[in-house]
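I opened my notebook to look up a few things here, and these are the entries.

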Amino acid sequence: MKIGFNKPYLTGQETHYIEDAVKRGKISGNGYYTKLCQDYFENTFGFKKALLTTSCTDALEMCAMLANIKQGDEVIMPSFTFVSTAIAFIRQGANIVFADSYSNNPNIDATKIETLITSKTKAIVVVHYAGVSCDMDTIMSIASRYNLIVIEDAAQAISSKYKGKPLGSIGHMAAFSFHETKNIISGEGGLLTINDDRFINRAEIIWEKGTNRAEFFRGEVNKYGWVDTGSSFLPSEIISAFLWAQIENIDDIQNKRLAHWHYYHNHLNQWANDNQIKIMPIPEKETNNGHIFYLVCNSEQQRSDLIKHLKMCDIDAVFHYLSLHASDYYKDRHDGRVLLNSDKFANQLLRLPMFYELDVECVVNNIITFNG
Ligand SMILES: *Cc1c(COP(=O)(O)O)cnc(C)c1O
């Protein structure tokens, strides 16, 4: 039987809660299930404010608006990331200054950030690749010295930690994704978290189409109206109800993915060594949430050969990002710095199938028949 790269996992309660949301008679946003989900995230992970959004991309757009990014401002972020990380800031008129990854880890190389800072720099956006934390101590201390805003693209990082602190609770604000390829899902969906009081009020306003509707419903003002910029960022109750079914099973989902992850790690070590392939290391100071298990092949050719080999076994393994600094859209605006590690991960990193119902033994048995 074919093994795809991802298969969305359903807990079985999704349609039950959706039906309940419909019966409650309010299916637009910011209702019963939205509150259940937001309270869960605030109480479990210690985010000061959690607002559900229709995607992580939307949450990142809100971050760019809240950080007041304007034409010509500079924003530092890794080149090895998804388009959304950059596009949310491009829409505000930012110039993106792309940073390289570490040589042994796709996350932004924190030791290179300081040299990229100019008088126009406004924010640093970090991406916790594969749900493994960036070097947040270094990054937060640079940011405080230069008075910069730190935004965590925590799309892949739900329930991961850095030195005991949940990811998404460390920067000034953060964005998570519940796209069907992530650990917990709602089809499309996301979450904005705010950890700095200065941004909370405005976040609610931007979320509710530039109105102070949230304050009004809490009885804090006696009428509501247009007070700021904003958009329609909140998901309907139907989406939130789906997400609630996933949240109820989050521990089971994470444990299952971690078990697959460790099976890969234990059983591919020898094979990888024999073929000069590196396997994703076990994070040290940080935790792992089993979002991705990746290999780094010794060349682009070896990666193509391995993908082909697995295709023959009816298994889908897929590479990941192409460096954004070299993209058609941005290459002429990039300042010309060579980002070797980002390009290496673009050309040599390979992700193995990872999802709840995965037959991980079968994948491993087929991989280890590859020599090259
Ligand atoms: C998935 C992902 C996104 C986009 O998430 P959406 O919910 O699809 O908008 C952004 N950044 C990273 C790093 C991602 O992995």
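I counted a residue as near a molecule if one of its heavy atoms lies within 4 Å of it. I worked on a predicted model, in which local features need pLDDT of at least 70, side-chain atom pairs count only at pLDDT 80 or more, and totals for chains, interfaces and linings use all residues. Residues are numbered from 1 along each chain as its sequence is written, and side-chain values use heavy atoms, with hydrogens and water left out.

**Ligand**

I found 14 residues around the ligand, and the closest are Thr57, Asp153, Gln156, Ser177 and Lys182. I sorted this shell into five nonpolar, seven polar and two charged residues; Ala, Val, Leu, Ile, Met, Phe, Trp, Tyr, Cys and Pro count as nonpolar, Asp, Glu, Lys and Arg as charged, and the others, Gly among them, as polar.

Next I looked at ligand oxygen atoms. A polar side-chain atom of threonine 57 sits 2.5 Å from one, and a backbone N or O atom of cysteine 56 is 2.9 Å from one. For tyrosine 321, I noted 3.4 Å between a side-chain N or O atom and a ligand oxygen. Alone, the ligand exposes 380 Å², and the protein buries 92% of that (Shrake-Rupley method, 1.4 Å probe; for residues, only the protein chains shown count as cover).

**Domains**

I then checked the domain assignment, automatic or from a database: domain 1 covers 14–247 and domain 2 covers 250–367. Their C-alpha centres are 25 Å apart. To the contact (heavy atoms within 4.5 Å), domain 1 brings 41 residues and domain 2 brings 35.

How many salt bridges cross the interface of domain 1 and domain 2? I got zero, taking a side-chain nitrogen of Lys or Arg within 4 Å of a carboxyl oxygen of Asp or Glu.

Key: A polar contact is a pair of N or O atoms within 3.5 Å; within protein, one must be able to donate a hydrogen and the other to accept it, and residues adjacent in sequence count only if both atoms are side-chain atoms.
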